[in-house]
Amino acid sequence: MKKEMGRPKQEGEADNRDKLLKAARKLFVRHGYTHTTTRIIAEEAGLTPAMIRYYFVDKRGLFEAVLQETIAPMLDALSADVQHQPPKDLFSFISLYAQIMAPSPDLPRLIIRSLYDTHSAEHEMVSQVFSRFIDTAVGRLSQALTQQGVLRPEVDIKLALISCVSLTVFPFLIPKLLTDKLGVTPDASFFAVLAQHNQQLLSSGLVAAPKQGASDDA
């Protein structure tokens, strides 16, 4: 069970905490970590900066809570025993990622920017939170794909993992290019359709065809 950042929620307090998280996520994505103050977060949430101190101690604690609660559903899904999923379901995390990130499609760009800017104030926080996610995601998927008979024999496991990550994350990093060059609107509906397409593409290209006579339950 995941542990939420901040003080334990009491009856009647959950709404305030959630308001702060939603406001912070919106403003961190829009302005970046450095240029987002606790005052403007509190104003966006309709609360006071004292409430941020009460629930999260400071801006750093609030930012870390935003990151952890964003990836928590994906960590929960990846913590399931993916080794025993049918091959056709191995890439279902792509749809889950799209579903979680679509409401704030700029968040992946903020994360990537923070990871590469080693001098940024938020670099260490982002690195710690997402290294755990990457370790879990790559580890679980690697275990599932290396099962005997899952991958096509000619497929390189490392290249397969890179393809999975690239198809999942990259579209969120180029929304303007998608609109200007391809004429698509990068909204939740588009990302859902793209995720389904990528799942089918990976399954068709990477997963070995079932042996003749094998049943779905075998």
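**The largest cavity and its surroundings**

Guide: The lining of the largest cavity divides into nine nonpolar residues, two polar and no charged. Here nonpolar means Ala, Val, Leu, Ile, Met, Phe, Trp, Tyr, Cys or Pro, charged means Asp, Glu, Lys or Arg, and the others, Gly among them, are polar. This is a predicted model, in which local features need pLDDT of at least 70 and side-chain atom pairs count only at pLDDT 80 or more, while totals for chains, interfaces and linings use all residues. Residues are numbered from 1 along each chain as its sequence is written, and side-chain values use heavy atoms, with hydrogens and water left out.

A search of the whole structure turns up one cavity of 30 Å³ or more, and the volume of the largest cavity is about 60 Å³. Around it stand Ile 94, Tyr 97, Ala 98, Leu 167, Thr 168, Pro 171, Phe 172, Phe 191, Leu 194, Ala 195 and Asn 198. Two or more lining residues come from each of helix 5, helix 8 and helix 10 (188-206) (helices are DSSP runs of H or I, at least four residues, numbered from the N terminus). On a 1 Å grid over the protein atoms alone, a cavity is a set of points where a 1.4 Å probe fits but cannot get out, a pocket is an open set with protein on both sides within 12 Å along at least five of seven lines, and lining residues have an atom within 4 Å of a point. Points are joined across faces, edges and corners, and volume is the space filled by probe spheres set on them.

Tyr 97 leads us onward: in the second largest pocket, with 24 lining residues, Tyr 97 is among those nearest the centre, along with Phe 133, Ile 134, Val 165 and Val 169. Helix 4 (59-78), helix 5 (93-101), helix 6 (107-116), helix 7 (123-145) and helix 8 (157-173) each give two or more residues to this lining, and helix 8 has the largest share, eight residues. The pocket's volume is about 470 Å³, and its lining has 22 nonpolar, two polar and no charged residues.
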